[in-house]
Amino acid sequence: MEHESVETDRESVEGHARRYVEDAHGLRLMALLEGLVREHDVKWAAEQLGVDVRTVTTCLRRRRLTDHVRVALEGRLQAETDRLAQEVGELAARLAALTPEMEGLRSSVAQEVGALREEQAGVVRGLERRLARVEVQHEGGAGADGGSKVTPTARASEPQRESPRRQVYRQARPKVVTAEPEHGEEEVYGDAGPLVIAWRQARAADRTARGMLERAEATERLMSLEIALMEGHGLTLAPERDPFDGLKMYGELKWRRLALSNARRERRRAVRRRWLRRALTLGFWWE
């Protein structure tokens, strides 16, 4: 008797479990039918399921599916499940195919960043050397001027003699290009005059450039103009005050050619990074 009671309880539990599963499946099918009607209409849903409009309307009103409607909905649900499974499989395959490419891209970006840091460190060291030379020359000029005393009367009269002194300075150092325009310089520079004007503009643009690509383009233009002025016209550029001799000119040109090469390389990298960001963000990134 006890064994029969246990079997009866087990069958009762299994029956409840089956009914629960069937009810949950039935609710899912009913939700699918309601979704078809809501998305389209009753007539369209009836045509898709192979029944008449009255049958669909009755199922919705009574919240109970006929056997034919149930079978049709189960077929549609299975087809939708198979389609989703196929799409998931295709996405997984595409992701697996992109994984090696992404790894290569990550490695390439890491190498680019490392190279960029090395180049920036080299540029900083070069700027520090130039700054040190300028400071030494400035201190030397200040020491030479310290030996002479200027009286207040003479100092007050200096602005009146500014134009003659500038003219003498240009005649004494015609091969030095100043950062600011000076009176009569167009007669001194001659054919190099337009390049001098462009160099001053490029020098100002290089100081105010923002962003990796803009800085690279500004530096590339500035170095190109400086090389043209120094190599093509033998001019020395500010902040220098004395003309370069042959050895000094050679060293300065070599440094600028290296800076020009680095700027062009950096510009190409900045352009590649811009297009890479656009590709990775599907065109939403533009800066």
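**Figure 1. Lining of the largest pocket in the predicted model.** The lining residues of the largest pocket divide into 18 nonpolar, five polar and 11 charged. The structure shown here, as in every view below, is a predicted model. The space in this largest pocket amounts to about 1000 Å³. Its lining comprises 34 residues, of which Val 123, Leu 127, Asp 206, Thr 219 and Trp 255 are the closest to the pocket centre. At least two lining residues are supplied by each of four helices, namely H4 (67–146), H8 (193–208), H9 (212–233) and H10 (246–280). Helix H4 provides the largest share of the lining, with 13 residues.

**Figure 2. Packing of helix H8 against helix H9.** The axes of H8 and H9 lie 9 Å apart, and the two helices pack at an angle of about 150°. Because of this angle, H8 is roughly antiparallel to H9. The crossing of H8 past H9 is left-handed. On the H8 side, the contact is formed by Leu 195, Val 196, Ala 198, Trp 199, Ala 202, Arg 203, Ala 205, Asp 206 and Thr 208. Their partners in H9 are Glu 214, Arg 215, Ala 218, Thr 219, Arg 221, Leu 222, Leu 225, Glu 226, Ala 228, Leu 229 and His 233. By class, the contact of H8 with H9 contains 11 nonpolar, three polar and six charged residues. Asp 206 of H8 and Thr 219 of H9 take part in this contact, and both are listed among the residues closest to the centre of the largest pocket.

**Figure 3. Surroundings of the largest cavity.** One cavity of 30 Å³ or more is counted in the model. The largest cavity holds about 60 Å³ of space. It is lined by Arg 130, Arg 133, Val 134, Leu 237, Ala 238, Pro 239, Glu 240, Phe 244, Glu 252 and Arg 256. Helices H4 and H10 each contribute at least two residues to this lining. The largest share, three residues, belongs to H4. The lining of the cavity has five nonpolar and five charged residues, with no polar residues.

**Figure 4. The cis peptide bond between Ala 238 and Pro 239.** Ala 238 and Pro 239 are joined by a cis peptide bond with omega of about 15°. Pro 239 is situated in the loop between strand E2 (236–237) and helix H10. Both Ala 238 and Pro 239 belong to the lining of the largest cavity, to which helix H10 also supplies at least two residues.

**Figure 5. Crossing of helices H2 and H3.** Helix H2 (residues 42–49) and helix H3 (residues 53–62) cross at roughly 105°, and their axes come within 8 Å. The two helices are therefore roughly perpendicular to each other. Val 42, Lys 43 and Ala 46 make the contact from H2, and Val 53, Val 56 and Thr 57 make it from H3. Sorted by class, the contact of H2 with H3 consists of four nonpolar residues, one polar residue and one charged residue.

How values were computed
Residues numbered from 1 in each chain as written. Predicted model: local features only at pLDDT ≥ 70, side-chain atom pairs only at ≥ 80, totals over all residues. Heavy atoms only, no water. 1 Å grid on protein atoms, 1.4 Å probe; cavity = no way out; pocket = protein on both sides within 12 Å on 5 of 7 lines; lining within 4 Å. Points joined across faces, edges and corners; volume = space filled by probe spheres on them. Nonpolar A, V, L, I, M, F, W, Y, C, P; charged D, E, K, R; others polar. Axes fitted to C-alpha atoms, helices over the stretch in contact; angles between N-to-C directions. Parallel < 35°, antiparallel > 145°, perpendicular 65-115°, else oblique. Left-handed = near helix turned anticlockwise from the far one by under 90°. Contact = heavy atoms within 4.5 Å.
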